[in-house]
Amino acid sequence: MRMDRREFLKRAAGAGLAIAGSALGAAWLYDPRGGAEYFRSEENKKTASLKSYRVDRGKGAVEMTVVRGKDPEKMMRAGIQAMGGIGSFVQKGDVVLIKPNVAFDRAPALGATTSPDVLKAVALLCKKAGARKIIVADNPINQPEGCFFKSGIQQAAADVGAEVMLPKPGAFSLVKIGGEILKTWSMFHRPLEHATKVIGVAPCKDHNLCSASMTMKNWYGLLGGRRNQFHQQIHTVIADFAQMIRPTLVVLDATRVLMQNGPTGGRLSDVQEADTLVIGTDMVAVDAFGYTLLGRDPEKLEYIHKAEARGLGSTKWKEQNWREVLAG
Amino acid sequence: MLLLLMAGIGVAIYAKGQIYDPSLYRPELTALSKQAPTEAHPVESRTDQPASAGAQMPAPGVGTQPASPPGLLDNLAPTGWKPLENVTHFTADTLYEKIDGRAEEYLDYKFVGLTCVSLVNAQDSKQFIDVYLYDMGQPAQAFGVFSVERTEGLPAVTLGREGYRAEASYFFWKGRYYVQVLGSGKGAAIEQIGLNVARTLEKRLKDDGKPLWGFKALPEKDRIPGSIQYFVKDAMSLDFMKETYIALYRKGDAKVTAFLSKQPSGETAAKTLASYEGHMKKYGKVAEKRETDAYTLISADMGGAFDVVFRKGNLIGGVSMVEDLSMAEKAALDMLAGLRDKD
């Protein structure tokens with residue numbers, strides 16, 4: 001087939017335009033980053049970060065109170081009063097997330113979950129301080145409805161007008177944790193998005209794998225995904241939680257202590273009434289003290305020392321500004 | 001055509017580039033990899049499914065298939081009570097969903113399946129009874145997990161091969177099953193309801209009644225009832241002591257812990273004995289090592305208390321932390337003599 005000059009120039013120009021277009025397109029799409037780096041940075045755009053929920057109370061503020069008594073409401077009031085009053089932590093208009101441990105569908109008496117009476121006491125104080133909304137949230141893996149019902153937490157929340165937020169699909173986001181093992185992970189994030197203040201309320205109990213489950217371990221309950229794989233290096237992962245979240249306050253509920261067969265329990269004979277609440281701003285210190293309530297030596301609790309080594313708190317609670325209070 | 005093809009490839013590459021590959025965002029698995037992934041502990045990230053809470057919350061009764069015969073937990077509710085939800089099932093892979101933090105212990109004992117049901121008082125929803133039926137595959141595994149969870153001093157109840165009560169909760173094992181019937185509180189009424197539920201279930205469970213090896217092999221004389229335990233690993237907190245039966249004996253005013261383990265071969269038993277001897281040398285002082293054609297026996301002062309360990313064929317046994325050396329040696333030699341008759 002013969003081609004005249006005009007036709008040749010037309011086709012050559014077309015081919016040139018196509019090649020130039022491809023080159024420009026490639027240049028536009030070209031990214032100097034390596035594949036993994038590219039995907040990571042893309043994902044980071046979708047990854048949430050947790051803000052700090054701590055409040056600055058100035059130097060000399062009481063950091064921890066150990067409250068002894070029988071009535072959780074009076075105990076909470078007295079303990080918080082010794083720390084400067086609830087107004088130091090929660091202000092009018094705040095949205096407060098209370099994170100209990102509702103990990104199992106157990107009755108409250110079995111000590112495997114946060115006491116509903118302690119949860120109520122915390123929520124009532126927040127209401128008194130003028131909190132606009134109180135959210136109660138946890139992510140029990142199996143049938144959250146059953147866990148909230150049987151633990152009595154659902155009823156306790158309803159009694160004080162708090163909203164129970166269940167871990168529904170869509171309430172999870174990837175969150176940058178930045179820990180030693182936990183870098184970025186799926187988390188029950190929606191309640192944290194809404195909250196301006198966060199209070200962890202954890203039972204004090206024996207744990208089969210990490211010896212004790214207290215305020216630091218409590219945050220494990222916000223993780224999504226197949227989180228049991230973290231049991232392999234559980235002490236490092238628990239220390240990561242202290243890095244992950246800076247709560248406003250933590251409360252260690254040692255009104256009942258599950259002394260053995262934790263974390264699930266099941267025998268009332270394993271539960272000891274310790275009639276104690278430990279309230280504090282330093283989870284490491286609170287857990288160090290809490291471990292003594294299990295009759296164990298805090299020197300031997302690996303995760304609090306890992307957290308301390310990272311500068312996330314102090315195991316030397318005696319050296320802190322703390323008070324012991326008798327109430328009710 | 002060629003240009004169209006190129007453009008198509010370009011579009012395909014671009015589209016692929018927009019798809020997030022979750023394998024790139026796993027946690028630092030090297031930090032976790034001291035224990036190699038197994039079928040029971042797969043290391044996988046679900047960060048591609050942040051909203052996978054739905055998968056974490058199986059609808060009641062929609063779990064994996066039960067390992068034990070179906071229907072064992074059907075119609076358990078006594079008069080005035082009703083099931084709170086359908087029967088649920090868990091496998092080794094999903095057990096953590098039900099008892100997160102405790103699942104590993106059951107997996108060590110070669111757990112097969114868990115079937116659960118909750119019963120609630122129709123008049124008072126705060127009163128409920130949870131029934132956990134653990135299929136442990138073999139009677140020894142069922143007994144093992146029952147024994148290590150048992151709290152000392154709780155009243156025995158005639159249920160299955162062995163059972164006990166903690167307020168309104170009942171625990172027993174029968175055949176390959178370990179059963180927990182957990183009452184939500186205290187009181188005679190719920191205690192009785194719990195017992196009725198436990199008895200109904202007990203009748204449904206099969207058991208060949210064959211005694212466990214450890215029960216036969218450990219001496220009966222002076223044995224404290226209900227004190228036998230079976231550890232698949234870490235018996236007496238020693239990582240080399242595997243598949244070991246332990247029992248307490250009353251010798252005068254003192255309590256003596258005796259142990260016995262059947263190893264797969266004489267060679268394995270010799271290795272275990274060597275590990276025990278190493279432990280004695282590290283944390284105590286070996287007092288005597290006696291070797292005969294029939295057995296090897298080593299005694300050691302472990303810092304104020306004495307351990308005596310022996311090996312006979314593929315058996316490892318002995319006594320631990322006995323205040324008096326002669327008492328410890330006598331107890332160990334008595335055990336050895338008994339083994340001659342039984343093994």
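How close do the axes of helix α8 (residues 234–244) of chain A and α10(A) come, and at what angle do they cross? The two axes come within 8 Å and cross at roughly 50°. The model shown in these views is predicted: local features need pLDDT of at least 70, side-chain atom pairs count only at pLDDT 80 or more, and totals for chains, interfaces and linings use all residues. Residues are numbered from 1 along each chain as its sequence is written, and chains are lettered from A and ligands numbered from 1 in the order in which they are written.

**View 1. Overall form of chain A.** The secondary structure of chain A comes to 10 helices and 12 strands. Helices (H or I, at least four residues) and strands (E, at least two) are DSSP runs, numbered from the N terminus. Chain A has a radius of gyration of 26 Å, well over the 20 Å that the globule rule gives for 328 residues, so the chain is more spread out than a compact globule. This radius is taken over C-alpha atoms, and the globule rule is 2.2 Å times the number of residues to the power 0.38. The C-alpha trace of chain A spans about 105 × 45 × 40 Å along its principal axes.

View 2. Axes are lines fitted to C-alpha atoms, for helices over the stretch in contact, and angles run from 0 to 180 degrees between N-to-C directions. α8(A) and α10(A) are oblique to each other; angles under 35 degrees count as roughly parallel, over 145 as roughly antiparallel, 65 to 115 as roughly perpendicular and the rest as oblique. The crossing of α8(A) past α10(A) is right-handed. A crossing is left-handed if the near helix is turned anticlockwise from the far one by less than a right angle, and right-handed if clockwise. On the α8(A) side, A:H235, A:T236, A:I238, A:A239 and A:A242 meet A:E302, A:Y303, A:K306 and A:A307 of α10(A). The residues of this contact divide into 5 nonpolar, 2 polar and 2 charged. Two residues are in contact if their C-beta atoms, placed from the backbone, lie within 7 Å. Ala, Val, Leu, Ile, Met, Phe, Trp, Tyr, Cys and Pro count as nonpolar, Asp, Glu, Lys and Arg as charged, and the others, Gly among them, as polar.

**View 3. Packing of helices α9 and α10 in chain A.** Helix α9 (residues 283–293) of chain A packs with helix α10 (residues 302–309) of chain A at an angle of about 155°, their axes lying 10 Å apart. The two helices, α9(A) and α10(A), are therefore roughly antiparallel to each other. Here the crossing of α9(A) past α10(A) is left-handed. A:V284, A:D287 and A:A288 of α9(A) meet A:I304, A:A307 and A:E308 of α10(A). This contact comprises 4 nonpolar, no polar and 2 charged residues.

**View 4. Three-stranded sheet of chain A.** An open sheet of 3 strands has the order β1-β6-β7 (chain A), with mixed pairing; two strands pair if DSSP finds at least two bridges between them. β1 (48–49) and β7 (184–188) of chain A stand at the edges with a single partner strand each, so one side of each is left without a neighbour in the sheet. Strand β6 (residues 172–176) of chain A runs antiparallel to β7(A), joined by 5 bridges. A:F172 stands opposite A:F188 in β7(A).

**View 5. Backbone details in chain A.** The peptide bond from A:G262 to A:P263 is cis, with omega near 5°. A:P263 lies in the loop between β10 (249–258) and β11 (271–280) of chain A. Although A:S211 is not a glycine, its phi is positive, at about 80°; A:S211 is found in strand β9 (residues 211–213) of chain A.

**View 6. Seven-stranded sheet of chain B.** The 7 strands of this open sheet follow the order β9-β10-β11-β15-β14-β13-β12 (chain B), with antiparallel pairing. At its edges are β9 (229–231) and β12 (285–291) of chain B, each pairing on one side only. Neighbouring strands are turned by 20° against each other on average, direction ignored. Helix α9 (residues 266–283) of chain B packs on the sheet, touching β12, β13, β14 and β15 (315–322) of chain B, and its direction makes about 165° with that of β14(B).

View 7. β12(B) and β13(B) form a hairpin with 4 residues between them, and pair in the antiparallel sense over 6 bridges. B:E291 stands opposite B:T296 in β13(B). Strand β13 (residues 296–301) of chain B also pairs with strand β14 (residues 306–312) of chain B in the antiparallel sense over 6 bridges. Opposite B:T296 stands B:R311 in β14(B), while B:I298 stands opposite B:V309 in β14(B). In the turn of the β13(B)–β14(B) hairpin, which has 4 residues between its strands, B:G303 has a positive phi of about 95°.
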